[in-house]
Structures are given as C-alpha cells and as structure tokens.
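This briefing is intended for a reader who meets the structure for the first time. Please view the sequence and the model together before reading on.

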Amino acid sequence: MRIGACLHVTTETANLMRTLKAGGAEIALCASNPLSTQDDVAAALVENYGVSVFAIKGEDRDTYYKHINSVLDTEPMITMDDGADLVSTLHSGRRSLLENVIGGTEETTTGVIRLRSMARQGVLEYPIIAVNDANTKHLFDNRYGTGQSTIDGIIRATNVLLAGTNFVVCGYGWCARGVAMRARGMGANVIVTEVNPLRALEAVMDGFRVMSIAEAAEIGDIFVTLTGDINVLREEHFRRMKDGAILCNSGHFNVEIDIEALERISVKKRKIREYVDEYTLEDGKRLHLLGEGRLINLAAAEGHPASVMDMSFANQALSVEYIAANAGKLENKVYPVPEELDMMVASLKLEALGVKIDKLTDEQRKYLESWEMGT
Amino acid sequence: MRYDVKDIKLASEGLLRIEWSERFMPVLRLIRERFERRSPLKG
C-alpha cells in the first residue's frame, strides 16, 4: 500500500511512519508546515527507516508546494493530511492521480473544516476519516498537547515570566481551553475572547475574564490566537495595544494575525532574537511577533509531547488500517473514527499508564438498560 | 528512493530523538507490534 503523508516532520510522526512501515506500507512524507520540520528527524527517516521525506525547516512557499507535489508523484493510495493541503492540491492540480486513492485521514480541526466544506459542495473525490474528531484525539492532543506546548513555545521564544501578566487567549475551543488552563497555572491573569456565546459563557464559568478583543487589546501583555479563522488580531487592535505587547498564534495556519497590516503600519522591523520580530509603529510603540505568526508550539518549541501524540497517532494508524480493510466500501464523505477504535485507544493508554478502572455490575448494566425503574 | 532533506548526515542525531519519543508512545508501539505480525498494509 502506498501512503502519501503531509504531517509535521517530528519525532512523534517518525514513530507513526515506523508503525505504518511495519504494517507493510511504502511511505512518502512532506511537511504540513514550512517551519515545523525537524531536519535531523527528516534525515533519520530517509537513512534508517526508508521513508521518502521531502521537508526542510524554513522552506519557502514554492518549495513547500513542490514537496507536496513530490509526495503526490509517488501516486499514493491513502493520504494522511494535517490541514488538508495535500488533499486540496490533489483535487486541484493533480486530479489524474485521484483514481488511485482509496481514502485518507485528516489530523487537525482546520483540515476537517476544509474537507467538510468540500464534501458539502460535492467535490470530495474519496472518503476521509476525521482523526481530529476522535475523543482520544481532540480532548487530549488539542487540550493538553497544545496547552503545554504553546506555553513552552512562548517561553522558549521570549523567556518571559508569565506570572502576573495579562494573558489574552483568542478563542475557547479545545486548544484554547488548554492554553488558558495552563497559563492560569503559571500565574497569568487570563482573558478569553470568543464569538460563540455558549463557549464564552463556559469561559466565564470556568473563571476567566471574557471581553471583546478591542477591550483586551488595551490591557494584554501576551496575545495568543487559537481560532482557525483569519485576521483575528488586526490593525484596529494593534493600534490599541500597549508598548511591548507579545503576539503569537497557535492555530494551524499563519492567517490569524494580520501580519500584512502590521508590516504596513510599522516604520521599523528588526529580528531582536530568534523567533521574535520587533515592529515599531509611528508613535514609537513596539509590538513583538513570535515565529512569524506560525504555530508557536512548533516554530519555537518541539510541538506536542510524545505521550499525547501517542493517542492521536494510534488513531491515525488504526484509521489507515480501517481504510485499507474497507477499500471501495466507503462513500466520498468525511467519516468519524469508528467508536470502537476510539475506545480501544483509551483502554490501551490506561493500561500503559498502569491505571485500572471498574466494570459495571450485571445489576448496574440492567438498571441502565431499563426504563421502568425510577427511585 | 527520492528525497529532499536539509542534511542526511543529521540522521544519527534524529535517530536518538526518535527513540526517546518512542518511550512515551506505548499505544503506538503495541499497534506496531501487531502490524509487524499481520502486515495489514501490504499490497
């Protein structure tokens, strides 16, 4: 089985590649983000594990797409994507290759949103399993993985003390919740901004201050975007910000901060340290953009810790196996990870952690299945 | 095999870090062992 993968080229992904290899697959791998590649891992995958890797940290946009096309040149039968760039390239410029493909997986929220929109418009040409939507993925990887690694990225990039800062988290999805929770644990005063009233209310009752970005802009020391949408922080907010404010993104694409506007309204830009660009506005105010607005946890730190990627990638491996076993039986739509696989991953992780849980007694099971019995 | 990486000589360094991560990925390890026995992705 030929697999084409577009994933962050990290040590955890390397272990997923080893697993798929062990199952008999031939794999070509490219980066799902130009800044996230670990060059030593890319080399080891080629040299020691026989994986065709096309990825160089810091590659420009043209090289990024050239590498995606190099993976497509291997005529994959299964695609594995993180953000849906591989799938969308395949569906636009490389349509002749579609007939080889039996299915694919998608790792992240942003990719699932893109693929659902393709399915809705009737243009998705093969079935996709939304690994992101497995409970053993987003409840852990997004929350605890992004939570910890985003803080790690900010600290490595700046060495800033979080305690006592006004720390603004834009969004309150699973990733943002994780960051908000961890920042609070470090002693920051966390402010949450949202557009969804339900999520905003949850943030309020979780004990965070909730306000509009315009209000938060005036008091924030550190801003993190985790929304999946564009221009969350833009000119009107930059103008209100305090001197020295730190801006970064931990959403999938580098579109959440309007960098073009920041460039336009600045009179001076310099790289003050690795991963920190200092922009000076006309009035002398300095704003600091981390990691060029790309995923800060991958740009300045090492991405999610392996322990949490263990569950995400177990879902990936089992989903690929499922696609291979069900070739030709699935429709061209976005499927969830089958519930039994999701539960199996949770059980295996508990077992590995040495945690035992209870089983329902026969009496308890019967009670849950009956409707006649009240008090 | 075609590839395009920054420097193939970095492999030994990468190999150690991959091994380190593997220690924290017990579920994936169990799946890998099963895949080795059954080859579900062959052919």
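The points below describe the contact between the chains, then chain B, then selected residues and salt bridges.

The model is predicted. Chain A and chain B bury about 3700 Å² between them, and 4 salt bridges are found across their interface. Over all chains, the count of salt bridges comes to 26.

**Interface of chain A and chain B**

- The size of an interface is often expressed as the accessible area that is lost when the parts come together.
- Of the area of about 3700 Å² buried between chain A and chain B, 65% comes from carbon and sulfur atoms.
- Chain A contributes 52 residues to the contact, and chain B contributes 33 residues.
- Between chain A and chain B, 14 residue pairs are in polar contact, with both residues at pLDDT 80 or more.
- On chain A, at least two residues of the side that touches chain B are supplied by each of α1 (11-22), α2 (39-49), β3 (52-54), α3 (61-73), α13 (306-325) and α14 (339-353).
- The most is given by α13(A), with 11 residues on the side of chain A that touches chain B.
- Sorted by class, the side of chain A that touches chain B holds 29 nonpolar, 12 polar and 11 charged residues.

**Chain B**

- Chain B contains 2 helices and 0 strands.
- Along the principal axes, the C-alpha atoms of chain B fill a box of roughly 35 × 30 × 10 Å.
- Chain B has 43 residues, of which 35% count as buried.

**Salt bridges**

- B:R17 and A:E302 form a salt bridge through their side chains, at 3.5 Å from N to O.
- In chain A, the side chains of A:K137 and A:D141 form a salt bridge at 3.7 Å, N to O. Both residues belong to helix α6 (residues 135-158) of chain A, where A:K137 and A:D141 are 4 residues apart, about one turn of the helix.
- A:K137 counts as buried because its relative accessibility is 2%, and A:D141 counts as buried at 4%.
- A:R240 and A:E218 are joined by a salt bridge of 2.9 Å, N to O. Since A:R240 lies in helix α10 and A:E218 in helix α9 (residues 213-219) of chain A, the pair ties together parts that are 22 residues apart in sequence.
- A:R240 is partly exposed at 40% relative accessible area, and A:E218 is partly exposed at 42%.
- A:E263 and A:K269 meet in a salt bridge of 3.2 Å, N to O. A:E263 is partly exposed at 37% relative accessible area, and A:K269 is partly exposed at 43%.
- A:D40, A:D152, A:R156, A:E302 and B:R17 are joined into one network by salt bridges that share partners.

**Residues with positive phi**

- Most residues other than glycine have a negative phi.
- A:A84, which is not a glycine, has a positive phi near 70°. A:A84 sits in the loop between β4 (78-81) and α4 (85-92) of chain A and is buried, with a relative accessible area of 1%.
- A:N231 is not a glycine and has a positive phi of about 45°. A:N231 is placed in the loop between β10 (222-225) and α10 (235-240) of chain A and counts as partly exposed at 27% relative accessibility.

**A buried strand residue**

- A:T280 belongs to strand β13 (residues 276-281) of chain A and counts as buried because its relative accessibility is 13%.
- Apart from neighbours within four places in sequence, the contacts of A:T280 are A:S266, A:V267, A:K268, A:K285 and A:R286.

Methods
Residues numbered from 1 in each chain as written. Chains lettered and ligands numbered in written order. Heavy atoms only, no water. Contact = heavy atoms within 4.5 Å. Buried area = accessible area lost by both parts, 1.4 Å probe. Polar contact = N/O pair within 3.5 Å; in protein donor to acceptor, adjacent residues only side chain to side chain. Nonpolar A, V, L, I, M, F, W, Y, C, P; charged D, E, K, R; others polar. Buried < 20%, exposed > 50% of the residue type's maximum accessible area, 1.4 Å probe, protein only.
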